[in-house]
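Hi,

Here is the structure I promised to pass on.

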Amino acid sequence: SLYLPGNEVGLGWRETLADFARTVSQYVDVLVLRVYRHDTLDGLAAHSTIPIVNALSDWSHPCQGLVDLLTVRELFGTEAGRTVAFVGDGNNVARSLAVGCGKLGMRFVLACPPGYGFDDRFKAQYRERVSPDVPTEVNDPAAAVREADVIYTDVWTSMGQEAEREERLRRVAP
């Protein structure tokens, strides 16, 4: 196991993603990456000969979603037919959890203020890869959690949104 902090490796600025991917592919069997930009994962995957695991990016957090869905299974015995209400915004964790829920026959409800839901890019990918029916979005958190088996929230200011922190807290808090 090797730990390579991004600031020391210089991914994309000191070493090109292509060069790093080709080189590290000769030394390790898999790359597990926590990156700021999802484009970094895509760039490495395009040139790598080994599997790339997304441990966190600004677009998705699939490992977190998998662990959370495992918790649902441990608590209820099965995921099928359960409802997860996510209170917050359509961030990386919400996207990953929504995809996992859709693939496992679960209902996902996103409770968020207007303008903080899933974007068109995510909805298109969801329709293509998971289901033609995108997850439900509501603006009333009480309505979202009313029939939920699981209530979930996450930080309301994700990576790259630090300048919006106060506005996001003000909008999402109710």
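This is a predicted model: local features need pLDDT of at least 70, side-chain atom pairs count only at pLDDT 80 or more; totals for chains, interfaces and linings use all residues.

Residues are numbered from 1 along each chain as its sequence is written, and side-chain values use heavy atoms, with hydrogens and water left out.

Let's begin with the core. A nonpolar core is a set of buried Ala, Val, Leu, Ile, Met, Phe, Trp, Tyr and Cys residues joined through side-chain atoms within 4.5 Å. Buried means under 20% relative accessible area, exposed over 50%, and partly exposed in between (1.4 Å probe, protein chains only). The largest nonpolar core has 20 residues, and those touching the most other members are Val84, Phe86, Leu97, Cys101, Phe108 and Phe118. Two or more residues each come from α4 (62-76), β3 (83-87), α5 (92-103), β4 (107-111), α6 (120-129) and β6 (150-153). Helices (H or I, at least four residues) and strands (E, at least two) are DSSP runs, numbered from the N terminus. The largest share, five residues, is from α5. Another core, of 11 residues, lies apart from this one, and Ala21, Val24, Val28 and Leu41 are among its members.

Next, the loop between β3 and α5. Asparagine 91 sits there, and counts as buried because its relative accessibility is 4%. The side chain of asparagine 91 makes a polar contact with the side chain of aspartate 154 at 3.0 Å. (A polar contact is a pair of N or O atoms within 3.5 Å; within protein, one must be able to donate a hydrogen and the other to accept it, and residues adjacent in sequence count only if both atoms are side-chain atoms.) The asparagine 91 side chain also reaches the backbone nitrogen of alanine 94, at 2.9 Å.

Aspartate 89 is in the loop between β3 and α5 too, and is buried, with a relative accessible area of 4%.

Last, the second largest pocket. On a 1 Å grid over the protein atoms alone, a pocket is an open set of points where a 1.4 Å probe fits, with protein on both sides within 12 Å along at least five of seven lines; lining residues have an atom within 4 Å of a point. Its lining has 19 residues, with Ser60, Pro62, Ser96, Val99 and Arg129 nearest the centre. Here α4, α5 and α6 each give two or more residues to the lining.

Cheers
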